[in-house]
Amino acid sequence: MDKTPWYMNAYFYQIYPRSFMDGNGDGYGDFVGITQKLDYLKSLGIDCIWIQPIYPSPMFDDGYDISDFVNVDPRFGTLEEYHQLIDAVHAHGMKIIMDLVMNHCSSEHPWFQAARKDRNSKYRDYFVWSDTDQKYLETRIIFTDTQKSNWAWDEVAGQYYWHRFYPQQPDLNFDNPEVQEAMLNVMRHWMDLGIDGFRADAVPYLFERDGMENENLPETHEFLKRCRKLMDEEYPGAVLLCEANMWPKEVRPYFADGDEFQLGFHFPLMPRIFMSLGKQNAESLVKILKDTPDIPENCQWCTFLRNHDELTLEMVTEEDRQWMWNFYAPDPEMRKNLGIRRRLWPLLDNDPKKVALAYSMMLTMPGSPVFYYGDEIGMGDDIRLYDRNGVRTLMQWDDTKNGGFSTADKTCMPVIDDPVYGYKQVNVASQEGDPNSHLNMIRSLMSTRKASDALCRGKLKWLVDGENIPVLAYIRESEYDKVWVLQNMTDNEQSFTLDLQEGTYYDLNHPEFEIQGSSKTEIKIAPRSFYWLRKKN
């Protein structure tokens, strides 16, 4: 019997609930709508849904500013409807995780309102206060284009309060044991409802210390291990996914000895996939993976191409950041913070060969892939919309009103309706029956990868090195399977020589393609194409 934990080889699908599907016709995505689309997600091959914040919120930061940690925003439906969604996900043989936002809450949360009004309230110590804004000056500012300080003055409180994100999101004081217990109880509340774990948001910033950069502090890891211990003891089989936008060696401690997070996003890999495609040279990608430390056997990286935020360029050099901006975001409106607010297909020129190549890289490297809603059909973006809303537009289900998202006359945001990416051209319904559609191309790649033991859990052996890597090549090998992966990064045909045993080799994605193996097997690879090769028995 295979005892591999479920998350080691899972496909995750990220849902922005406001924009996914409106089930009651009020123009706002909801739990009923998501439930209606579970058959689609199952047919895509998804193992686990990650649903973004559904808590009551003023929605200043799209739900990451939470005003009640143990309830749902009525715009999404009722707690009972959420429970029904969870049961329906499980009935489809899938799992569901939700965002856990520990670092901060909304300034409208009753805790903060009580804290600011009364210095003697117990909630005063739920937050970090100061008479001066000159403390913790070594701490970087995350939102550099809008924030000048991590401190904000509160007139009612008569003090400054600490925030790593927007001023509307005051940081919680994790030095207070009551705050720690409150957050552990938040976890219990949702786990008792039946979910399968959490994607933990912005975990490096929980504690503050004088003279420190205030990221990745030992106290943070101590508390996060308490979270994992709670999960293991009270909800065995549940998973914790870490959002820490750091270099691999800095994320490594979040796995600890296999007793902190089971999963962690590999943030530096993602921009290097785009750099490799843009520069037609995979040197930076190979280097970052070679610099990625080993992790415990019960842990796994999560790989991804895009998500609900900007394409972050925090984990690249300043030179590479400028190159990425110039190449992928020549219009300043496309830029946000230290990143690019574009979706996958516009970034890659709406070119199916480039997109398939990007997915090939994500699907053949070690890790559990995470897919962002709409990317599987080639959705575009709308950079005219405020902030990150440009990459959070309505899911395009068919060519009817509002792209099939809602029957309402007014929706929470506009549907894309341009000649290239508009819902009449790009939608699920029109692609389902077309074997050559974006949807079925990606579905096929996902299915092929899932059927390969080597691609799912094999070790990686590099076949390339150096400064110029036009063909990204490696072997994935497990006890029962071996696959040679060759990927042409360039706009020109490339040749690559493999040292193969004698025999016949075929491409997993196109079994009709065969070559004969030898110690010097030369393979010609068409521009922006790839092979996943296996030896015939």
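This is a predicted model: local features need pLDDT of at least 70, side-chain atom pairs count only at pLDDT 80 or more; totals for chains, interfaces and linings use all residues.
1. A salt bridge is understood here as a side-chain nitrogen of Lys or Arg lying within 4 Å of a carboxyl oxygen of Asp or Glu.

2. Over the whole structure, a search finds 38 salt bridges.

3. One of the salt bridges is formed by the side chains of Asp-62 and Arg-18, at 3.2 Å from N to O. This pair links distant parts of the chain, for its members are 44 residues apart. Asp-62 belongs to the loop between β2 (48-51) and α4 (79-91), while Arg-18 belongs to helix α1, residues 17-20. Are these two residues buried or exposed? Both Asp-62 and Arg-18 are buried.

4. A further salt bridge brings together the side chains of Glu-215 and Arg-164, with 3.0 Å from N to O. Glu-215 is in the loop between β7 (197-201) and α7 (218-234), and Arg-164 is in the loop between β6 (159-162) and α6 (177-193); the pair therefore ties together parts that are 51 residues apart in sequence. Glu-215 counts as buried, at 14% relative accessibility. Arg-164 is likewise buried, its relative accessible area being 2%.

5. The loop between β6 and α6 also holds Phe-165. This residue is buried, with a relative accessible area of 12%. Which residues does Phe-165 touch, if those up to four places away in sequence are not counted? They are Asn-103, His-104, Ile-142, Phe-143, Gln-147, Ala-202 and Tyr-205. For His-104, which is 61 residues from Phe-165 along the chain, the separation between the C-alpha atoms is 8.6 Å.

6. The cysteines deserve a separate remark. The structure holds zero disulfides. Cys-105 is in no disulfide, and the nearest cysteine sulfur, that of Cys-227, is 17 Å away. Cys-105 counts as buried, because its relative accessibility is 0%.

7. Turning to secondary structure, the protein has 16 helices and 22 strands. Six of the strands make up an open sheet in the order β15-β16-β17-β22-β19-β20, and their pairing is antiparallel. Its edge strands are β15 (459-462) and β20 (514-517), each of which pairs on one side only. On average, neighbouring strands of the sheet are turned by 30° against each other, direction ignored. In general, strands of a sheet pair through backbone hydrogen bonds, and the arrangement is either parallel or antiparallel.

8. How many bridges join β15 to β16? There are four, and the two strands run antiparallel, with β16 covering residues 471-477. Across this pairing, Leu-460 stands opposite Arg-476 in β16. A helix accompanies the two strands: α10, residues 283-290, packs on the sheet and touches β15 and β16. The direction of α10 makes about 130° with that of β15.

9. Some overall values complete the description. The C-alpha trace spans about 80 × 55 × 50 Å along its principal axes. The radius of gyration of the protein is 24 Å, which agrees with the value near 24 Å that a compact globule of 537 residues would have. Buried residues account for 62% of the 537 residues. Of the contacts between residues at least 6 apart in sequence, 67% join residues at least 24 apart.

Note on methods:
Residues are numbered from 1 along each chain as its sequence is written. Side-chain values use heavy atoms; hydrogens and water are left out. Two strands pair if DSSP finds at least two bridges between them. Axes are lines fitted to C-alpha atoms, for helices over the stretch in contact, and angles run from 0 to 180 degrees between N-to-C directions. Contact means heavy atoms within 4.5 Å. A disulfide is a pair of cysteine sulfur atoms within 2.5 Å. Buried means under 20% relative accessible area, exposed over 50%, partly exposed in between (1.4 Å probe, protein chains only). The radius of gyration is taken over C-alpha atoms; the globule rule is 2.2 Å times the number of residues to the power 0.38.
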